[in-house]
Amino acid sequence: MLEREIVVVGAGPAGLSAAIEAAGAGARVLCIDLNMRPGGQLFKQIHKFFGSSAHRSGTRGIDIGRMMLDEAEDKGVELWLGSTVIGLFPGNKVGVRHGQDGTAGAFVTVHAQKIIVAAGASENVVRFDGWTTPGVMGAGAAQTMVNVNHVKPGRRVVMLGSGNVGLIVSYQLMQAGCEVAALVEAAPKIGGYAVHAAKIARAGVPIYTSHTIKRVVPDESGRVCRVVIVGLDDAFQEIPGTEREIEADTVAIGAGLKPTTELLALLKCDFTFHPVWGRVPLHNRDMETSQEGVYIAGDTTGVEEANTALEEGRIAGISAAAALGYLSEDEAKARKDEIWARLAALRMGPFGEKREQAKQDILSAFDESRGGLAAV
Amino acid sequence: MPLLKCGYLTYEELRALRAVPSDARYAKGPVAVIECVQEIPCNPCETSCPSRAICVGDPIVNLPCLAEEQCTGCGMCVAKCPGMAIFVVDKAYSDTTATVGFPYEYFPLPEEGAAVTAVDRAGQPVCGGTVVRVMNPKAFDHTPVVTVEIPKAFADEVRGIERGTC
Amino acid sequence: MERYDDEIIVCRCEEITAGEIRQAIREGARDVTGVKRRVRAGMGLCQGRTCEKLVQQILCSELGLRPNQVGASSPRPPVRPIAFGELADGEVV
């Protein structure tokens, strides 16, 4: 069995920043990702990031990804790509399908003193008549096609969902040369940042709030050729007679993301159900779960965005390295406090408040479950 | 709020939500018009301004405010704003025309001198215009800033051009 | 509305329709696991990564429950596909 001090599952923004922090402190870190290229969502994010200069704001995600890969290499992080963690087992054993060239793999077990799970999230789907028709895909999948594989998913796209993912991907599809026929949102108002919505409105994309997709009509070849949308009332019920047909060959669904938590469930980590994030693992201010030595960061803890993922990754990396004795408790605490302050700033404003409250709820639920600082 | 319904604001709605340059400042030449109306954690406009004319401060969810007398209308913030929510408007360009500078990240890039159709915040055609400047230096990091000359009456409406018309 | 919705596939790996899931609920399924045991929704290649939320939505609307009352799938290893050959050649501890 291979031995590593720290195994990080996932080489996205959270996993890479955790690996960089821990390796920078002196720990021997192995970072595993199922893709052939590290960086997670960063290499799909060709837009400039929000945030402060501490978060390299104004820099494109793709460039932040490149800087992080260089940094990980400098710090001596070992990277296994095309490799899948198929299970975590008692005694801190990590079962890995170690990819060789993307096709063949070998199963190996790695014993890790500390484990950091930064497995990200997966896309939600929406059920409508024809949602399994070829040409219907997740907004994230469409984004991977244009920004990573440089392939247009189609000619004319209907986007379902006006969160930041739906808005940003609509814009990037147009940059790639696709037409966006409509943006459809079930809620009565746009979910994402107004500036992202303004960008696609300015490009002439009609935005239908209080609407959803009722049906997708395929052509003879079976591919999407028409999309029927319908108006919704305040109770999200279809309003008869408000159907409208849109010609399109692609539907992209940006209906939110679900944290990827299977590995933590295998380890029997304590979970909670939070209305903002759904079912998520509990963790403390070290990003450590109810299982000692198992840490989490990024979307796995509840879906947010890249900057918060980067910061949480740093905390997890520092905590794991400190637990191994690479950092003094005082030094680790000082650095973590600084990061928590930056996280609090990122979770301010109308979009952040809910997430800040959710994070606090999860931290208190952890304390309560430990029987420690129960709510007073 | 129409912004959250259809994705854009009219200039009047914008003015009700946040400060825009004064008429006196507009009369002096190019100035940044910041159309950022939500408190999101972001401050590259502040850190990129060479004249220190934009202030976000602490906390970084504050809306940016512009010291209009310090602003030179250079366009750095237009390229840097991740939300593409800043424009440079010059209402003193000529007796009858104004210019509007906006970020433009599409292909093909229009060429200087090209005749274009200028559009408003909803992407609807407003008037004809001429491209007078395309700035795309390395510092703008692949966000070219295109400036179009349009009839003065539309300076507060025009915020882009039709794509593929050049 | 319901009848036409009954034909729509929910679990695409196992090709289980909304109608079959409603039938499983009528037969007594009260959570994601109950539906899975009766009609295999969520037992395919993706292990419910795609359809779990859709199954939860149907359970909520049929039974008038909240999302936290209808359970979640219980992941088991391997959480991602691996070939038997790779497992057999590997070093299993």
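Modeller: Buried means under 20% relative accessible area, exposed over 50%, partly exposed in between (1.4 Å probe, protein chains only). Helices are DSSP runs of H or I, at least four residues, and strands are runs of E, at least two, numbered from the N terminus. This is a predicted model: local features need pLDDT of at least 70 and side-chain atom pairs 80 or more, while totals for chains, interfaces and linings use all residues. Residues count from 1 along each chain as written, chains are lettered from A and ligands numbered from 1 in written order, and side-chain values use heavy atoms, without hydrogens and water.

Biologist: Take α1(A). How many of its residues are buried?

Modeller: 11 of the 12 are buried, so α1(A) is largely enclosed by the rest of the structure. Among them are P13(A), L16(A), I20(A) and E21(A).

Biologist: What do the buried residues of α1(A) pack against?

Modeller: Contact means heavy atoms within 4.5 Å. In chain A, the buried residues of α1(A) pack against strands β1 (2–9), β2 (29–32) and β6 (105–117). They also pack against helices α2 (61–74), α7 (306–323) and α8 (329–346) of chain A.

Biologist: Which residue just after α1(A) takes a positive phi?

Modeller: G26(A), at about 120 degrees.

Biologist: Now the interfaces. What is the area buried between chain B and chain A?

Modeller: Buried area is the accessible area (1.4 Å probe) that two parts lose on being put together, summed over both. For chain B and chain A it is about 3,100 Å², with 55% from carbon and sulfur atoms. L4(B), K5(B) and Y106(B) supply 18% of the area that chain B buries against chain A, more than any other three residues. The contact takes 39 residues from chain B and 36 from chain A.

Biologist: How many salt bridges are there between chain B and chain A?

Modeller: A salt bridge puts a side-chain nitrogen of Lys or Arg within 4 Å of a carboxyl oxygen of Asp or Glu. The count here is two. One joins R60(A) to E105(B), with the closest N and O atoms 3.0 Å apart. On the side of chain B that touches chain A, α1(B) gives the most, with four residues.

Biologist: And chain C with chain A: what is the buried area?

Modeller: About 2,800 Å², of which carbon and sulfur atoms give 61%. Chain C brings 33 residues to this contact and chain A brings 32.

Biologist: How many salt bridges cross the interface of chain C and chain A?

Modeller: Four. In one of these, E262(A) pairs with R49(C), the closest N and O atoms being 2.8 Å apart. The largest share of the side of chain C that touches chain A comes from α4(C), with five residues.
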